[in-house]
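This report describes selected local features of one structure. The sequence and coordinates are shown below.

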Amino acid sequence: MTARTRTLTVRDLAQIAIFAALIAALGLPGALTIGAVAVPITFQTLGVMLAGAVLGARKGFFAVALLLVLAAAGLPLLSGGRGGLVWFTTSPAAGYLYGWLLGVVVIGYLTGRLLPRYPFWAALGATVLGGIVVVYLVGVPVTALNLGLPVWVAAVDSVKFLPGDVLKAVVTVLVARQVHKAYPGLIPVRRRSARTSKVFAGRR
């Protein structure tokens with residue numbers, strides 16, 4: 001690993017700050033709470049998906065982490081002007097915030113594997129896996145724990161998020177495809193080793 005891959009450039013830092021601001025801005029319309037469990041529906045998950053799909057695992061993680069650190073410090077950056085440690089501890093939505101950190105890494109890593117082609121259905125699968133499945137796997141158990149509910153009750157209630165989150169994943173892929181066409185290199189493309197290339201060449 002070279003020094004260049006270990007350090008963040010000024011351009012990287014700018015991209016991280018821009019996406020942290022984007023996620024915060026997507027919280028301005030506020031949140032909608034539906035169902036018995038008080039976990040809000042927000043647009044900020046779209047920003048998290050975009051951070052992974054456009055910036056990749058490392059920069060996307062830092063963008064989400066920056067937003068969460070500032071929110072935990074008390075800045076009203078979460079949807080509806082929320083902020084403070086309570087939203088990361090006893091809140092029913094606390095687990096989903098931590099799930100963002102893992103989800104953005106999964107999206108970013110898989111997106112890097114799909115570039116430069118970035119086929120739609122594979123990209124959608126990667127975004128759904130990281131932005132929905134992984135986030136729910138962290139968020140649902142924490143919701144159940146904080147509210148004293150059986151996990152299955154929290155899981156059934158989380159179904160209300162699915163239609164909107166799937167739509168966000170589709171939007172993410174469509175936007176990311178155009179961004180990567182216009183600005184290739186935002187996510188470093190992993191090169192195959194010489195041995196792997198020979199294997200693929202032999203299969204043609």
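## Surroundings of glutamine 44

Apart from neighbours within four places in sequence, glutamine 44 is in contact (heavy atoms within 4.5 Å) with Ile23, Ala24, Leu26, Gly27, Leu77, Leu78, Ser79 and Trp100. The model is predicted, with local features needing pLDDT of at least 70 and side-chain atom pairs counting only at pLDDT 80 or more, while totals for chains, interfaces and linings use all residues. Residues are numbered from 1 along each chain as its sequence is written, and side-chain values use heavy atoms, leaving out hydrogens and water.

Glutamine 44 counts as buried because its relative accessibility is 1%; buried means under 20% relative accessible area, exposed over 50%, and partly exposed in between (1.4 Å probe, protein chains only).

## Helix α3

Glutamine 44 belongs to helix α3, residues 44–55. Helices (H or I, at least four residues) and strands (E, at least two) are DSSP runs, numbered from the N terminus.

Because 12 of the 12 residues of α3 are buried, the helix is largely enclosed by the rest of the structure. The cover over these buried residues includes α2 (10–25), α4 (57–72), α6 (94–114), α7 (120–147) and α9 (162–182). Just after α3, glycine 56 adopts a positive phi of about 95°.

## Proline 184

Proline 184 is located in the loop between α9 and α10 (194–202). With a relative accessible area of 63%, proline 184 is exposed.
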